[in-house]
Amino acid sequence: MAEVARPDRIRLGPCDLLGDLSGDRPLLPVLAGRQHLLLVREAGRILAVERACPHEGADLAAGRCSAGRLFCPRHLASFSLRDGSVSPGWSFRPLRVFPVAVAADGLWLETGPGQRQPC
Ligand code: FES
């Protein structure tokens with residue numbers, strides 16, 4: 001099936017990528033255009049977050065998910081997978097979180113009105 005280009009979404013890849021996400025491995029690095037993101041499977045939903053920690057840029061692909069939060073591997077700040085808010089005691093910006101649409105023609109990062117653009 002041909003891809004349908006839309007200005008409010010970026011194709012992340014085929015639906016097969018979901019096969020690489022599991023409870024044991026809920027994080028998968030992907031590119032959205034030129035932006036490095038992570039696909040995340042959490043509580044039955046798929047979302048995307050920026051890959052670099054907003055604190056000092058650690059690679060969150062080496063982090064872990066627990067109880068709806070993504071933990072940074074470097075200093076162990078954690079981020080809500082709902083709104084990106086950082087755990088108490090930290091004063092840097094939230095993690096960017098993006099909705100992902102699962103369609104017959106692949107996985108799409110939603111960037112339309114009301115959604116933040118990646119970086
Ligand atoms: S680099 Fe992620 S909490 Fe410091």
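**Exercise 1.** Identify the bridge partner of R64 in β6.

*Solution.* In this predicted model, local features need pLDDT of at least 70, side-chain atom pairs count only at pLDDT 80 or more, and totals for chains, interfaces and linings use all residues. Residues are numbered from 1 along each chain as its sequence is written. Strands are DSSP runs of E with at least two residues, numbered from the N terminus. R64 has F71 as its bridge partner in β6. Three bridges join β5 to β6 (residues 69-71), and the two strands run antiparallel. Pairing requires that DSSP finds at least two bridges between two strands. The open sheet has three strands in the order β5-β6-β7, paired antiparallel. β5 (64-66) and β7 (78-80) are at the edges with a single partner strand each, so one side of each is left without a neighbour in the sheet.

**Exercise 2.** State the strand order of the open sheet of six strands, and locate its edges.

*Solution.* The order is β1-β9-β8-β4-β3-β2, with antiparallel pairing. The edge strands are β1 (9-13) and β2 (27-32), each of which pairs on one side only. Six bridges connect β2 with β3 (residues 35-42). L31 stands opposite H36 in β3.

Key
Helix = DSSP H or I, 4+ residues; strand = E, 2+ residues; numbered from the N terminus.
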